[in-house]
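Reader: Hi! I'd like to go through this complex with you, starting with how the chains meet. Could you bring it up?

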Amino acid sequence: MNPAVSDETLHAFVDGELDVAESETLIARMRTDKELAQRVCSLRSLQSMVRLAYAEPPMDGGRA
Amino acid sequence: MNHLARQAYMTLISRFLFSSFRPGIEAHRPVLYRIAYAWCHDAALADDLVQEALSRAWTRRAQLRDEASLKAWMVSIMNHCWLDHLRSRRDFDDVEDWQDELESGADTPDVCCNREQVIACVRAAVARLPLGQRQVLTLVDLEEFGYAEVAAILDIPIGTVMSRLSRARASLKMMLDTAMQQSASRTLLRSVK
């Protein structure tokens, strides 16, 4: 049984901070480990919500 | 030549002289504004921060060593503008411990149902994060800066970038999950009635 993957490692994975070999290992594990896949999925959706929230920041209408 | 005409003429000359750099700086205005807004959630203040950062960048353009790092360099200048602004308002030592008014004053993230509500909900949650975490999260998520770049921009160790990011995402998830649950139970209540 593999040790649990830390949150930090998963963050590094979704942020593209892991090297190719580390990423591939993680991707392979996600295929069989549903819970791990779920954690990555939830991180990605959190990230896209943050992007959506600031895609169109309100402009200061009160001034020129 | 009257004063205004002279000024316009000088502007034209300087535009011509620094033509490759000035548009480079100006082109980053939308990026800087997005970041500034995500930090302070105040359109007028964000505007001021961007303006100040652009003008400081222009004055210090000689200090930029590598054109490729222009964006990161400008964000780091804006971080200093932001810190100067905060210092001018009150004493504070550490961004990490510092809880700004937004955090205590912001509404708790409310019901998230449609697109506009999700946006408002996420902004409220981000506004409630401690400043240091908010800065790291927005730089990584909105602008896809690498951890090392964020560390350089904010002048903090890379380990701090990673731990702040971890904490920021964990609290954000918790706040949003709570808001979603509230939203779900309200919908359920409504359908029961």
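Reader: Thanks! Which side chain meets Asp15(A) in a salt bridge?
Author: That's Arg169(B), with 2.9 Å from N to O. Keep in mind that this is a predicted model.

Reader: How many salt bridges are there between chain A and chain B?
Author: The count between the two chains is two. There are also 15 residue pairs in polar contact across the interface of chain A and chain B, with both residues at pLDDT 80 or more.

Reader: Which elements of chain A give two or more residues to the side that touches chain B?
Author: Those are α1 (7–14) and α3 (34–53) of chain A. The largest share, nine residues, comes from α3(A).

Reader: And how do the residues on that side of chain A divide by type?
Author: They split into 13 nonpolar, three polar and eight charged.

Reader: What about the area buried between the chains?
Author: About 2,500 Å² is buried between chain A and chain B, and carbon and sulfur atoms give 62% of that. In terms of residues, 24 from chain A are in contact with 29 from chain B.

Reader: What scores does the predictor give the complex?
Author: The ipTM is 0.90 and the pTM is 0.80. For chain B, the pLDDT averages 82, and 75% of the residues score at least 70.

Reader: Where in chain B does pLDDT stay under 50?
Author: Over residues 101–106 of chain B. For that stretch the model has 14 contacts beyond four places in sequence.

Reader: Let's switch to the fold of chain B. How many helices and strands are there?
Author: Chain B has 10 helices and zero strands. Of its 193 residues, 47% count as buried.

Reader: And what share of its contacts joins residues at least 24 apart?
Author: Among contacts in chain B between residues at least 6 apart in sequence, it's 66%.

Reader: Take Leu139(B). Is it buried or exposed?
Author: Leu139(B) counts as buried because its relative accessibility is 0%, under the 20% cut-off. It is found in helix α8 (residues 131–143) of chain B.

Reader: Which residues does Leu139(B) contact, leaving aside neighbours within four places in sequence?
Author: Among them are Ile35(B), Trp39(B), Val75(B), Phe145(B) and Ile153(B). Trp39(B) is 100 residues from Leu139(B) in sequence, with 9.8 Å between their C-alpha atoms.

Reader: I see a polar residue, Asn79(B). Where does that one sit?
Author: Asn79(B) lies in helix α5 (residues 70–89) of chain B. It is buried, with a relative accessible area of 3%. Beyond four places in sequence, Asn79(B) is in contact with Trp39(B), Gln135(B), Ile153(B) and Leu154(B).

Reader: How many salt bridges does the structure hold over all chains?
Author: 11. One within chain A pairs Asp7(A) with Arg39(A), the closest N and O atoms being 3.0 Å apart. Asp7(A) is in helix α1 and Arg39(A) in helix α3 of chain A, 32 residues apart.

Reader: Last one: which residues are linked in a network of salt bridges?
Author: Glu52(B), Arg56(B), Asp84(B) and Arg87(B). Within that group, the side chains of Asp84(B) and Arg56(B) meet at 3.0 Å, N to O. Asp84(B) lies in helix α5 and Arg56(B) in helix α4 (residues 43–59) of chain B, so the pair ties together parts that are 28 residues apart in sequence. Arg56(B) is buried at 15% relative accessible area, while Asp84(B) is partly exposed at 34%.

Methods
Residues are numbered from 1 along each chain as its sequence is written. Chains are lettered from A and ligands numbered from 1 in the order in which they are written. Side-chain values use heavy atoms; hydrogens and water are left out. pLDDT is the predictor's confidence in each residue, from 0 to 100. Contact means heavy atoms within 4.5 Å. Buried area is the accessible area (1.4 Å probe) that two parts lose on being put together, summed over both. A salt bridge is a side-chain nitrogen of Lys or Arg within 4 Å of a carboxyl oxygen of Asp or Glu. A polar contact is a pair of N or O atoms within 3.5 Å; within protein, one must be able to donate a hydrogen and the other to accept it, and residues adjacent in sequence count only if both atoms are side-chain atoms. Helices (H or I, at least four residues) and strands (E, at least two) are DSSP runs, numbered from the N terminus. Ala, Val, Leu, Ile, Met, Phe, Trp, Tyr, Cys and Pro count as nonpolar, Asp, Glu, Lys and Arg as charged, and the others, Gly among them, as polar. Buried means under 20% relative accessible area, exposed over 50%, partly exposed in between (1.4 Å probe, protein chains only).
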